[in-house]
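Subject: Two-chain model, handover and findings

Hi,

Here is the structure I promised to pass on. Please load it first, then read the notes below.

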Amino acid sequence: MVPLSWYLIFAALLFSIGLFGVLSRRNAVAILLGIELMLNSVNINLAAFWRYGDVTQMAGQVFAIIVFAVAAAEVSVGLALVISVYRRRNTVVADDINMMKW
Amino acid sequence: MTTETLMWLIPLPPVLAFALIVLFTNRSKTLSHTLAVGAAFLSLLGSMIVFVRALGVEHLGEHPFESSVNWLPLGESVETYFKIGVLVDPTTAVVLFFVAITIFMIFLYSVGYHNFGQPEGDHNQKGLPPHGATVEEHGHKHVVPSVEPMYSRFFAFLGLFAFGMYVLVLSDNLLTFFVGWEIMGLCSYLLIGFWYAKPSARDAAVKAFMTTRIGDVFMLLGIAYLYYATGTLTFREIFTEEVLHTLATVPSGFLGFSAAGLIGLLLFIGTVGKSAQFPLHVWLPDAMEGPTPVSAMIHAATMVSAGVYAVVRMFPLISLDARTMTIVAFIGAFTAIFAATIAVAQNDIKRVLAYSTISQLGFMIAALGIGAYVAAVFHLITHAFFKALLFLGSGSVIHGMEHGVLHTGNHHVDPQDMFNMGGLRRKMPITFWTFLIGGFALAGFPLITAGFWSKDEIFADAFANGHWAVFITLALAAFMTAFYTMRQITLTFLGEPRTQEAEHAQETPWTMTTPLIILSIFAIAYGWVGIPEDFMGLPLQPNWLHEFVGGTLAEHPETIAFSWIPLLTSLVVALGGLYLGWMTYRSVSSPAEDRFQIPLLKNKYYFDEFYDRAFVKPAYWFAENVVYRFLDQGVIDGILHSFGPATDRLGSIIRNNFDLPVINRFFGDGSAEVTYRAGDKLRAVQTGRIQQYLMLALVVFIAIGAVLYFFLMA
């Protein structure tokens, strides 16, 4: 069995890729994708810690499922927002969506 | 009822009457005077029972009726109390006798004096004497005397006064004695100022109160010193041999007086105020502004007698110091002759009597000063009877004259001026005869009148003990007394009426004449109890009064051997004065013809003017300039007024140096400024670009993480 650290390193990499995507992509849909990656890296962590900890305690798995649910809801809201912004301003570039300032 | 209980109860009825009249029956004149006269009668009854029982006791002086209660715990130990109580020794008994009778007579007289039963006045005004009422009878109008508007109030005051007098007489200690003394002082003020709407009555009331107050303050000092020196104020505890001996030997540190001498002197100054002796005599003549029963009761028979009674009570103490006794004798003798000379030149019927009272009180004080204890008490009693009689008589005369004034309607005629009278003997026979008896008693008409016996005893005492100065002074004063008395009788009653008003004067009702008749009986008969044992060498009964009253003192005073010289002196001055008075005034009909209207005497030796300059004006000046302008306006108001500007200045200092810069600029404006500037600077951060925010969050997260890592792990 591979050691826990591999999973953690993998999850950290996945998180960093997601973070990079969020910070660097200009397309709002791509940013959402980055967020999904970051959430999934967390899920990997949760599952790994469960597997390498007390297996009878199901908290890790349950948490992961909750994160799925939240992520699904979040993506649906996020995509709805993106579509709404696109309809109004005809763009999905994050830099152009800058109404939330002084 | 035991005598002791009775003694406690004697003062109560009048004060109850006072309370009831003031609280409940003020509106009903009948009920008020019934209560007051009834109360006076109850007290009279109690006093007579006590007096009669006192007569039946052998050696009452050593074993007086006494009763006391623990009143005030003194705190030194559980058993030590300040005691108050009642005491009837022979002196008290005889004083109680005349006090009770005169008080009752005056209560009764007041009913008539204030025109009870007459209609209400036409234009009554409270605080003024009644003006008369118009009635219609048989088809024509005429004016009759009207009832006093504040009738009930008068009886209430009289009741309170009687209470004060009884308390004073029956006290067995100086404290309750002083309480009674002060109650009378208050009542005197209230009753002199009874017609308070008259400015003269108001001034007289204030003058009487202030003048007696001077004496009272000294008396209180004397009481305090006595209590400090002996630890008791009970008479019979003070008058023991040891206490008196201590008091006589302890120096007081004041001009070499012994403690007894100084205490005696201080108490005597109280008497000087109360009994209107020189130099505090000025209030008594002015006190005649009050209604005449008041003059009779307070300023002739009882209150001024209380002053003499105080010296009588404290005689064992006062007589310890020869110098104090000399002062007492001097003041008394001087006042006697001094006031008698003024009385000669007065035209107001009551003022003559007022000065006569001062003079006669001087006789008593002088008698006490030379140690003639019994003679002083004797004269005190006889004087109370005949002077009350004379005052009530003069009130009756004034009443008759007022009747005349109402008849003619000429209100400019002074019903008290003797030169407006004359010939009243035919108009007012009862008043005339009783007044004649009173006047002759005052003058000391030989053998039949009481005044003769008491005055004669003073002369005999002064002569026998070699007090020549006092003897001669009093003889001169007695001569003048007889002279002005005859002047008064002649001007008032004899000759022909000098005015229309005197022509229409009328005899007064029975409530006024009955007291006159009863008092005139005493003015004659009371002298008989004190006839000297070997008078003119006759084999008479022992001098009852001397034996009885003398028993009060520890050392029974010696009986004075009969001597012709004082008797002859007494006869000469009395008869000579009366004869000269008649001779001089039988043909005088106006003040211009009166040779004794000397300005110096007429103006009472300018004492009022002198006191006005020396004390009243300076007091006013002091009050005006020092108290009012300097202290009140300058200091007090100055301080108060400086509070305003001071707080104003302090406030502006705080405002300018703290409120405005610190609170307003720094905290108030400052915080807003800081927030504004910070917002202005920081708003650049708010780009509205989500990725920048995330970037910033990441940087901060890393930074905080680094810091935490650095601190927690390192």
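Ala276(B) counts as buried, because it has 30 C-beta neighbours inside 10 Å. The cut-offs: buried takes 20 or more other C-beta atoms within 10 Å of a residue's own, exposed takes 12 or fewer, and partly exposed lies in between, with C-beta atoms placed from the backbone. The phi angle of Ala276(B) is near 55°, a positive value in a residue other than glycine. Ala276(B) sits in the loop between helix 10 and helix 11 of chain B. Pro279(B) is in the loop between helix 10 (259-274) and helix 11 (283-286). The peptide bond from Phe278(B) to Pro279(B) is cis, with omega near 5°. Helices (H or I, at least four residues) and strands (E, at least two) are DSSP runs, numbered from the N terminus.

Before going on, some ground rules. This is a predicted model, where local features need pLDDT of at least 70, side-chain atom pairs count only at pLDDT 80 or more, and totals for chains, interfaces and linings use all residues. Residues are numbered from 1 along each chain as its sequence is written, while chains are lettered from A and ligands numbered from 1 in the order in which they are written.

Confidence next. pLDDT is the predictor's confidence in each residue, from 0 to 100. Chain B averages 87, and 99% of its residues score at least 70. The model scores ipTM 0.82 and pTM 0.77.

Another positive phi: Asn115(B) has one near 60°, and Asn115(B) is not glycine. Asn115(B) lies in the loop between helix 4 (90-113) and strand 3 (133-137) of chain B. With 22 C-beta neighbours inside 10 Å, Asn115(B) counts as buried.

Thr30(B) belongs to helix 3 (residues 29-55) of chain B. Thr30(B) is partly exposed, with 13 other C-beta atoms within 10 Å. Thr30(B) and Val111(B) are 81 residues apart in sequence, yet their C-alpha atoms are 9.6 Å apart in space.

Now chain B as a whole. Its secondary structure comes to 28 helices and four strands. The radius of gyration is 37 Å, well over the 27 Å that the globule rule gives for 714 residues, so chain B is more spread out than a compact globule. That radius is taken over C-alpha atoms; the rule is 2.2 Å times the number of residues to the power 0.38. The C-alpha trace of chain B spans about 150 × 75 × 50 Å along its principal axes. Of the 714 residues in chain B, 50% are buried.

Chain B is divided into domain 1 (3-118 + 150-602) and domain 2 (622-687). Those bounds come from an automatic or database domain assignment. The C-alpha centres of the two domains lie 72 Å apart.

What about the core? A nonpolar core is a set of buried Ala, Val, Leu, Ile, Met, Phe, Trp, Tyr and Cys residues joined through C-beta atoms within 7 Å. The largest one has 215 residues, and Phe161(B), Val311(B), Ala376(B), Phe385(B), Ala388(B) and Leu474(B) have the most contacts inside it. Helix 17 (residues 373-408) of chain B gives the most to this core, with 21 residues.

Two residues are in contact if their C-beta atoms, placed from the backbone, lie within 7 Å. Leaving aside neighbours within four places in sequence, Ala376(B) is in contact with Val308(B), Val312(B), Met364(B), Ala367(B) and Leu368(B). Val308(B) and Val312(B) are among the buried residues of helix 13 of chain B. Eleven of the eleven residues of helix 13 (residues 303-313) are buried, so helix 13 is largely enclosed by the rest of the structure.

Chain A has three helices and zero strands. The radius of gyration of chain A is 17 Å, well over the 13 Å that the globule rule gives for 102 residues, so chain A is more spread out than a compact globule. The C-alpha trace of chain A spans about 50 × 25 × 25 Å along its principal axes. Of the 102 residues of chain A, 11% count as buried.

Last, the interface. Nine residues of chain B are in contact with nine residues of chain A.

Best wishes
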